[in-house]
Amino acid sequence: MKVGFIGLGNVGGKLSGSLLRNGVDLYVHDLNEGFVSEKVASGATDGQGPAQMMRDCDVVITCLPSPAASAAVVAQMMPEVGPGKIWMEMSTTDASEVKRLGAEVIASGGAAVDCPVSGGCHRADTGNISIYAGCDRATFDRVLPILTHMGRRVLHVGEIGNASVLKVMTNYLATANLLAVCEALTVMKAAGMDMGLTYDAIAMSSGTSFVHETESQLILSGSRDVNFTMDLVQKDIGLFQKLADDFAVPLEISPLVIEMMRDGQKRYGDRAQSDRMIERLEEATGLSILADGFPQDLVDDEPEERGHEVVSRQLI
């Protein structure tokens, strides 16, 4: 099976690397020619563009920074979509938009999968990330071998669009947790607690989380580079708020999270790393939220292994 991959940025570059590492016949494309050259040097084929890739490949994956970017790429691919062709959307995008584009692909005889990832760039780099997949069961069975090269845990979540709904929820939770962690660390520093001790105390407690166990390390080391920028955070939490608005759910925390992130963007730039939100509190208090012994980069030290389908309790 020939697989095309469009979008070789922070996440897409790593996911496509897992496909290459596992011997997939991979065609690649990105507006950044340097990214394409790097993958070609590692064994990929230059896909030349979206239309050509849909023509040459059985499956084309998109992993792009915005719904508008995905729509533009799908529009270029559409003339080449037909029976046997599959479009897989791995971007974090708007559920209604992926449903609209997926319906166009299906109407032309192809198949569509909504399959965003969750777990951080360090796990995307080793094929240990988690993947949600929204599509019919027959299509899911066709693409599962591809997904299990990129992710450790793959969850079939029903129809197309469901995966995007779940993904923006998880990114909202991660952002809210990041802001809470920043406040917790700062208060502990103000109270005179050792930051290394504080990290360990949280990690072994009911207050721990994936965000703490990963991003707190980058905050404390001073790196503050989680490979996820504030503009992308703002896009994702905005999509979650849009869902709440669409279904008339009166949220209280979400609007505050959005406003706090906007303030971070004003201070540090739209594309500043999201972990720099701690600096708002450092500036307000004059404290330095740092500790020795924490890494500059996150590394996934779990051994790589072929992924598997996670069976939801809904199906048990």
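Where does Asn227 lie? Asn227 is found in the loop that runs between helix H10 (210-221) and helix H11 (230-246). The model is predicted. In this model, phi of Asn227 is near 60°. That is a positive value, and the residue is not a glycine. Asn227 is partly exposed, and its relative accessible area is 27%.

The overall fold is described next. The protein contains 13 helices and 10 strands. Its radius of gyration is 20 Å, close to the 20 Å given by the globule rule for 316 residues, so the protein is as compact as a globular protein of that length. Along the principal axes, the C-alpha atoms fill a box of roughly 65 × 45 × 45 Å. Of the 316 residues, 52% are buried.

Consider contacts between residues at least 6 apart in sequence: 70% of them join residues at least 24 apart. The protein exposes about 14,100 Å². Carbon and sulfur atoms supply 54% of that area. The side chains include 26 positive and 43 negative ones. The centres of these two sets lie 2 Å apart.

Helix H8 covers residues 162-190. How far apart are its end C-alpha atoms? The distance is 43 Å. At 1.5 Å a residue, the 29 residues of H8 should span 42 Å, so the two values agree.

Is Gln48 buried or exposed? Its relative accessible area is 60%, so Gln48 counts as exposed, the cut-off being over 50%.

Thr45 belongs to strand S3. Thr45 is partly exposed, with a relative accessible area of 32%. Residues up to four places away in sequence are set aside for its contacts. Thr45 then touches Leu26, Tyr27, Val28 and Val40. Gly286 is 241 residues from Thr45 along the chain. The C-alpha atoms of Thr45 and Gly286 are separated by 52 Å.

Ile6 is part of strand S1 (residues 2-6). Ile6 has a relative accessible area of 3%, so it is buried, which requires a value under 20%. Which residues are in contact with Ile6, leaving aside its neighbours within four places in sequence? They are His29, Pro50, Met53, Val60, Ile61, Thr62, Cys63, Leu64, Val73 and Met77. Thr62 is 56 residues from Ile6 in sequence. In space, the two are 4.8 Å apart, C-alpha to C-alpha.

Lys85 is placed in the loop between helix H4 (67-77) and strand S5 (86-89). Lys85 is buried, with a relative accessible area of 15%. Residues up to four places away in sequence are again not counted. Lys85 touches Met54, Arg55, Asp56, Cys57, Asp58, Glu80, Gly110 and Ala111. Arg152 lies 67 residues from Lys85 along the chain. A distance of 25 Å separates the C-alpha atoms of Lys85 and Arg152.

Gln296 occupies the loop between helix H13 (278-285) and strand S10 (308-310). Gln296 is partly exposed, with a relative accessible area of 44%. Which residues does Gln296 contact, leaving aside its neighbours within four places in sequence? Leu218, Ser221 and Ser223 are its contacts. Arg224 is 72 residues from Gln296 along the chain. The C-alpha atoms of Gln296 and Arg224 are separated by 7.9 Å.

Terms used: Residues numbered from 1 in each chain as written. Predicted model: local features only at pLDDT ≥ 70, side-chain atom pairs only at ≥ 80, totals over all residues. Heavy atoms only, no water. Helix = DSSP H or I, 4+ residues; strand = E, 2+ residues; numbered from the N terminus. Rg over C-alpha atoms; globule rule 2.2 N^0.38 Å. Buried < 20%, exposed > 50% of the residue type's maximum accessible area, 1.4 Å probe, protein only. Contact = heavy atoms within 4.5 Å. Areas by Shrake-Rupley, 256 points an atom, 1.4 Å probe, with all protein chains shown as cover. Lys, Arg positive; Asp, Glu negative; His and termini not counted. Charge placed at Lys NZ, Arg CZ, Asp CG, Glu CD. Expected span 1.5 Å × (residues − 1).
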